[in-house]
Each structure stands twice: as C-alpha cells, then as structure tokens.
Amino acid sequence: MTTTARTLRRLPLHLAATVTVVVCLFPVYWMVTTAFKPNRDIQSDRPRLLPQSWTLDHFRRAMDADGFGLFWRNSVLVTLGAVLLALVVALGASFAVARMRWRGRRQFMLMVFVAQMAPWESLIIPVYIISRDTGMLDRLPTLTLVYFMMTLPFTIVVLRGFIATIPAELEESAQVDGCTRAGAFRHIAFPLLAPGLMATSLFGYITAWNEFAYANFLIIKQQDHRTLPVWLSSFHNTFGTDWGATMAASTLFALPALVIFLVLQRHVTSGFAAGAVKG
C-alpha cells in the first residue's frame, strides 16, 4: 500500500479526531477569551472568535470578590485531604486484594465495582440526612469524607491493577534476602506504583476540586466553609449575571487543575515501568 493510499485511508479517522478535539476544547476557549473581553464585546449581538480588545478588569473583580482566598483555601484543604485518605486506604486494600488470598475477596471487589458504578447524585439525600442527624452539616471534614468515599472505589480498582502487573517474585526475592513482607513491598513494589499513584491522585483531585452538588447541599449556614465551585455561582448584580467576572473566575478555578494535570501526566507517561528491569 502506497503512502498516499495509507493517508487517504486514515483521513476519516483524523477528521473525526479533529472534530472531537474542537468540540471538546471550544467551550474552554470561549471561556478563556470571554474572560479577557470588555463588557461591550461580551454583550454584543455579533460575537467574535477573537477579542477586538483585551482587558484584565474581570480578573481583578474576581480576585477582589468576597471570599476568594477563603474559598480557595477550603477547596485545597478538602481536595488534598480526600486524595490523601483515598490513597492510603486504597493502597492497603488493593495490596490485600492483589497479593493475598482470603475468603470473600471476589465479593469485596464486586462491592467496589458496584460502588464505583453508583451515581453519587442519587445519594445526596441520604448523605444529607446522616450529616444532619450526626451534627456534621456545615463542616469541611464532612465534605472531605464524602469526596474520599467518591474517589475510593476508583482508586482501589486502579491500584489493584497496577499491583497485579508487578511480578510477585520481585518481592519474594527481597524476602529471601531478609526483607519483611512490608519492607519488600515498600522497597520493591511501591516505587513501581508511581504511575498508578499519579493517575489516581489526578482523578481524585479533579473529582473533589470540581464537585458542586455536595458542597452546595452540605454547607448551608456556614458560608465561610463553602468551596470554589459554590463561590462561582455568586457573580450576580442588579443587571443579572456578570459574565466577564464569572468567566474570569472559572478560568482561575480551572488553572490549578490544568497545571497539575500537565505535571502528573508527564510523570505517568515517563515512569510507567521505571525500574522494572533494574537490579
């Protein structure tokens, strides 16, 4: 098959990929460009793909808005707490499932898969009732625990797959050389789990950082305990929604997730099997 024929054969696939990328990225592009447009361009009946003029006033209004720094800190605390809890618990659970043989192991994984498939939006009312009856409403630890439960099943499934791909003989050789089982896992398997830890951390971070429904329903009276997704809905004035400030705040909100994604993606792709054939 000639090069031209091969290119023509792949052309529909390339076109489909291009259309998919454009459809997915265009809303993000529109959000960012709107954040830099003056109000007269935002409210114009002839929208343009590129701003005719640029302004930073929307970003200034977003950063000067009440609660920006406070809600930013709340989101960081809740997100990091949920991700770290999920990694610690899932690491032990996935090791037990992948390396040990015990009664009920398959049933346990089935329950994990069921929990992963369950729509968390359907559990808002039960979680609200439990939080209300236990006096846990309007508290950041409650949000941390909810996000921890949301990310835990996926983290267990992914880490279990990574541990299963690491030959058990590597740990057994370390145990023959005098390492304990925990020591063999820490020195042999744990370094090879870096890609899985990065991938699950990224998923947990994005899930907890972007979550809106639980943050809106569980934090009612204590406004100072709200998170950034709820704060984004506060840009209203007497004339309606301030779209420029809303888009600027959304851009600031998405920026940390984008940076973390780019950093972790590099580590995931470059270190997928780092050290697997060394020593």
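Contact here means heavy atoms within 4.5 Å. Keep that cut-off in mind as you click through this predicted model, where local features need pLDDT of at least 70, side-chain atom pairs count only at pLDDT 80 or more, and totals for chains, interfaces and linings use all residues. Residues are numbered from 1 along each chain as its sequence is written, and side-chain values use heavy atoms, with hydrogens and water left out.

**Stop 1: Leu193 and the core**

Select Leu193 to begin. Leaving aside neighbours within four places in sequence, Leu193 is in contact with Leu91, Phe162, Ile163, Ile166 and Phe185. Leu193 is also among the residues with the most contacts inside the largest nonpolar core, together with Leu143, Tyr147, Tyr214 and Trp231; this core has 60 residues. A nonpolar core is a set of buried Ala, Val, Leu, Ile, Met, Phe, Trp, Tyr and Cys residues joined through side-chain atoms within 4.5 Å. Buried means under 20% relative accessible area, exposed over 50%, and partly exposed in between (1.4 Å probe, protein chains only).

**Stop 2: helix α6**

Next, select residues 124-133, which form helix α6. Helices (H or I, at least four residues) are DSSP runs, numbered from the N terminus. Which residues of α6 are buried? They are Ile124, Val127 and Ser131. They cover an arc of only 70° around the axis, so they sit on the same side of α6; the arc is that of the directions from the helix axis to the C-beta atoms. Turn to the face away from the buried side, and you find the exposed residues Ile125, Ile130 and Asp133. After α6 comes Gly135, with a positive phi near 70°.

**Stop 3: α9 against α10**

Now colour helix α9 (residues 181-192) and helix α10 (residues 194-210), which pack at an angle of about 55° with their axes 4 Å apart. That makes α9 oblique to α10. Axes are lines fitted to C-alpha atoms, for helices over the stretch in contact, and angles run from 0 to 180 degrees between N-to-C directions. Angles under 35 degrees count as roughly parallel, over 145 as roughly antiparallel, 65 to 115 as roughly perpendicular and the rest as oblique. Phe190, Pro191 and Leu192 of α9 make the contact with Ala194, Pro195 and Leu197 of α10.

**Stop 4: Ala184**

Stay in helix α9 and pick Ala184. Ala184 counts as buried because its relative accessibility is 0%. Beyond its neighbours within four places in sequence, Ala184 is in contact with Glu171, Ala174, Gln175, Cys179 and Ala189.

Terms used: Helices (H or I, at least four residues) and strands (E, at least two) are DSSP runs, numbered from the N terminus.
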